[in-house]
Amino acid sequence: MSAQRKRSSVRSRPGNRPGETIRVLISRARVRQRVRQMAGQIRRDFPTDTLHLIGVLKGSVLFLADLARELGGEVSFDFLSVSSYGKGTNSTGEVKLIKDLDVSIEGRTVLVVEDILDTGLTLKYLLRLFEERQPKHLRVVVLLDKSERRIADVRADYTGFTIPNEFVVGYGLDFDERYRNLADVCVLRFAQGSAKK
Ligand code: IMP
């Protein structure tokens with residue numbers, strides 16, 4: 001890692017609101033390189049299949065868009081929406097389907113594309129839902145894995161980065177709908193006494 005990259009990855013800067021600071025955890029360049037590697041690995045595993053990408057809204061959108069462009073071959077998309085987090089930084093543990101898929105996944109090679117695997121409760125719910133619908137193959141690709149937070153017994157088939165137990169934003173991930181547009185994956189910290197919803 002170059003000195004300049006090292007410096008930029010430890011520098012904290014103010015967030016959007018007073019009391020919030022963000023620090024780059026994974027730079028956009030590292031994300032880009034890893035997404036390319038993962039796409040290569042997935043294509044090698046399924047060289048001729050049409051890959052049906054299922055994005056979990058909204059956090060996975062940027063990751064899915066980049067992954068899809070790196071995959072090559074035939075790719076289709078669908079999206080669904082679940083709620084597992086409220087406005088704060090801790091999961092309620094409850095998963096609810098807000099928007100179902102538009103098309104059937106029966107007989108398709110399905111890749112569930114998730115931004116982050118935390119407790120694993122969302123993924124467990126989704127896998128149970130999708131397995132009943134009889135896809136040809138069902139695989140999971142996550143950009144980030146906070147493995148030490150896992151509650152449910154699930155794992156991804158393809159993982160971008162294993163990260164420490166920190167609340168992260170950027171590259172699609174939000175806090176209270178903010179920070180999704182950051183190009184880097186950043187740690188969000190709250191100053192003591194600042195209102196953390
Ligand atoms: P799980 O069900 O606990 O694995 O949580 C999965 C979902 O929680 C992810 O798809 C995210 O939407 C959200 N989430 C978990 N950790 C973070 C984080 O550090 N930042 C932003 N969202 C997170």
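**Figure 1. The hairpin of β1 and β2 in the predicted model.** Strands β1 and β2 form a hairpin with five residues between them, and Gly-19 in the turn has a positive phi of about 90°. The structure shown is a predicted model, in which local features need pLDDT of at least 70, side-chain atom pairs count only at pLDDT 80 or more, and totals for chains, interfaces and linings use all residues. Residues are numbered from 1 along each chain as its sequence is written, and side-chain values use heavy atoms, with hydrogens and water left out. Helices (H or I, at least four residues) and strands (E, at least two) are DSSP runs, numbered from the N terminus. Strand β1 covers residues 12-14 and strand β2 residues 20-26; the two run antiparallel and are joined by three bridges.

Figure 2. Two strands pair if DSSP finds at least two bridges between them. Strand β2 is joined by six bridges to β10 (residues 185-190), and these two strands run antiparallel.

**Figure 3. The surroundings of the ligand.** Which residues are closest to the ligand? The ligand is surrounded by 17 residues, and the closest are Asp-115, Thr-119, Gly-120, Thr-122 and Val-168. A residue is near a molecule or strand if one of its heavy atoms lies within 4 Å of it. By class, the shell around the ligand has seven nonpolar, four polar and six charged residues. In this scheme Ala, Val, Leu, Ile, Met, Phe, Trp, Tyr, Cys and Pro count as nonpolar, Asp, Glu, Lys and Arg as charged, and the others, Gly among them, as polar.

Figure 4. An oxygen atom of the ligand is 3.2 Å from an N or O atom in the side chain of Glu-114. For the side chain of Lys-146, an N or O atom is 2.9 Å from an oxygen atom of the ligand. For the side chain of Thr-122, the corresponding value is 2.5 Å. Taken alone the ligand exposes 490 Å², of which the protein buries 92%; accessible areas come from the Shrake-Rupley method with a 1.4 Å probe, and for residues only the protein chains shown count as cover. The elements that give two or more residues to the shell around the ligand are β4 (75-85), β6 (109-117) and α4 (121-131). Strand β6 supplies the largest share of this shell, four residues.

Figure 5. Asp-49 is located in the loop between α2 (28-45) and β3 (51-57). Is Asp-49 buried or exposed? Asp-49 counts as buried because its relative accessibility is 13%; buried means under 20% relative accessible area, exposed over 50%, and partly exposed in between (1.4 Å probe, protein chains only). Leaving aside neighbours within four places in sequence, Asp-49 is in contact with Arg-43, Glu-74, Thr-109, Lys-136 and His-137. Contact here means heavy atoms within 4.5 Å.

Figure 6. Most residues other than glycine have a negative phi, and most peptide bonds are trans. The peptide bond from Leu-57 to Lys-58 is cis, with omega near -5°, and Lys-58 is placed in the loop between β3 and α3 (61-71). Tyr-171 has a positive phi, near 50°, and lies in the loop between β9 and β10. With a relative accessible area of 7%, Tyr-171 is buried. Tyr-179 lies in the loop between β9 and β10 and has a positive phi near 80°. At 2% relative accessibility, Tyr-179 counts as buried.

**Figure 7. The protein as a whole, for orientation.** The secondary structure comprises four helices and 10 strands, and from the N terminus on the elements run α-β-β-α-β-α-β-β-β-α-β-β-β-β. Of the 197 residues of the protein, 46% count as buried. The protein exposes about 10,400 Å², and carbon and sulfur atoms supply 47% of that area.

Technical notes. Polar contact = N/O pair within 3.5 Å; in protein donor to acceptor, adjacent residues only side chain to side chain.
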